[in-house]
Amino acid sequence: MTAADRDGRAGSQVGGPARWTLDLKLWGKPHYLAIADALTEDIRTGRLTPGTRLPTQRALAETLNLNFTTVSRGYVEAHKRGLIEGRVGQGTFVVDQAQAARTNGAAPRVGPVDFTMNLPPEPDAPALRARMQATFAELSGDLSNLLRYQGFGGTEEDKQAALRWLKGRGIDAAQERLLICPGTHSALVGVLGQIARPGDTICAERITYPGIRALAAHLGLRLVDLPMDRHGVDPDAFAAACTKVTPKAIYLNPLLQNPTTATLPRARREAIIAVARRYAVTIIEDDAYAHICPAPPQSFAELAPEITYYVAGLAKCLGAGLRLAFLVAPSARSALPLGGALRAATVMASPISTALATRWIMDGTADAIVDFVRQESSARQRIAASLLPAASYTADPNGFHVWITLPEGWTRSAFASQGRSAGLGVVGSDPFCVAGTPPEAVRLCLGGPSTRQQITHGLEMLAHALEGSPALASTYI
């Protein structure tokens, strides 16, 4: 297309500082690419200058009579090319290419927004990142020792750090009950292997963490689902299951539950404990988000330590790459064979990961990371609350994931497909459902490497899809 064609086109005019015009018919290609190519051409020729504020995606969609997602894909493509940038609360602007090259060596590029992996927001405060990186430098001085085999469970210093971390959750356990494991999954494998045999039954929330489903299948255990409400597992349903299937244990993710975000209140926890004691059922408490919540209810490990295996992984509060979890057994007697089983299966937790966590816990860096995660998660939840239809989702102001119940007409597969077409990853309810028909719902993670700008952009697109008709998302012909 020539400059004369572009200058003379009769496209609709969009209000705003740029008064940008666009005639899609002149480009002869998919509309989202036409939008990105038109931006490329108009920036190249100077019709759009650095710093120019572009029309909102909604305004452009209405003016061009396009689906909002199509315009969003066009803007995403322009982001990828380094042409435009979003500024939270301000809008979308043309990038100053020369300035970007001087400061970063290249124009900023924004890729797809991945809402699938449930990770905490990654610290980006320079002082905190420098503090975290300094610990790696310190560890290098003892690198030879950290690359050798060590006894299972870590050093005395590691165990003291773990106990200090647990005390921050209100758990004052004897060291003989503590095991340091290479991640939550290894801890759960060890616990399940000790308390159940192939063919035995374990109860779990009807909508639950996919990891427990995979582990139960791997170990040949029968997983029986328990109905839930907005507060979590129904204690009466748990009691009924105990009379019918005689479960060996109940697995619970009772705080900021993954994926529904539900938190079991104190009274509900006490009711579940009463049932567990009555029927001699072991409680497995996966307290992954304990340190993220500033005022969590008392844990099962505090309320019923004699029947609870407590697992505190560091993935959701410090970083998934640590692959470290602190496991508290009901007694020193139960911890002994469990430690032997874990040693046989895993040999040891990585000394490097363990030493890093120990340093961070003892010098306060871990607390600083948690403070950052709390503040950033709360900020991202406020963004979600400002964009998503209020009745469409559940969330906790301290968490970093959201559970969206889809409006009538949407299926989870169609919504996930719609997201993928716009460069957004979401997870449908299927992997979380223990039994029955999965609900028409999806989980979004607001953490990970995504920035607030990317989160805002992605949520705007999903919010518009929730407000519209699923028929508009159809891309098949």
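In the predicted model, seven strands form an open sheet with mixed pairing, arranged in the order 6-14-13-12-11-7-8. Its edges are strand 6 (178–181) and strand 8 (222–226), each of which pairs on one side only. Between neighbouring strands of this sheet the average turn is 20°, direction ignored.

Within the sheet, strand 12 (residues 282–286) and strand 13 (residues 308–313) run parallel and are joined by 4 bridges. In this pair, D286 is placed opposite V311 of strand 13. Strands of a sheet pair through backbone hydrogen bonds, in either a parallel or an antiparallel manner. Helix 8 (residues 156–167) lies across strand 6, strand 13 and strand 14 (325–328). The direction of helix 8 is at about 105° to that of strand 6.

A helix pair was also examined. Helix 9 (residues 184–195) and helix 10 (residues 210–219) have axes that come within 11 Å and cross at roughly 45°. Helix 9 is therefore oblique to helix 10, and the crossing of the two is right-handed. On the side of helix 9, the contact involves H185, L188, V189, L192 and G193; these meet G211, I212, L215 and L219 of helix 10. By residue class, the contact of helix 9 with helix 10 comprises 6 nonpolar and 3 polar residues, with no charged ones.

Elsewhere in the chain, L128 is located in helix 6 (residues 126–139). Its relative accessibility is 10%, and L128 therefore counts as buried, the cut-off being under 20%. When residues up to four places away in sequence are not counted, L128 touches P123, A368, I369 and F372.

For the protein chain as a whole, 18 helices and 19 strands were assigned. The C-alpha trace spans about 85 × 55 × 35 Å along its principal axes. The chain has 477 residues, of which 54% count as buried. Among contacts between residues at least 6 apart in sequence, 71% join residues at least 24 apart.

Note on methods: Residues numbered from 1 in each chain as written. Predicted model: local features only at pLDDT ≥ 70, side-chain atom pairs only at ≥ 80, totals over all residues. Heavy atoms only, no water. Axes fitted to C-alpha atoms, helices over the stretch in contact; angles between N-to-C directions. Parallel < 35°, antiparallel > 145°, perpendicular 65-115°, else oblique. Left-handed = near helix turned anticlockwise from the far one by under 90°. Contact = heavy atoms within 4.5 Å. Nonpolar A, V, L, I, M, F, W, Y, C, P; charged D, E, K, R; others polar. Pairing = 2+ DSSP bridges. Buried < 20%, exposed > 50% of the residue type's maximum accessible area, 1.4 Å probe, protein only.
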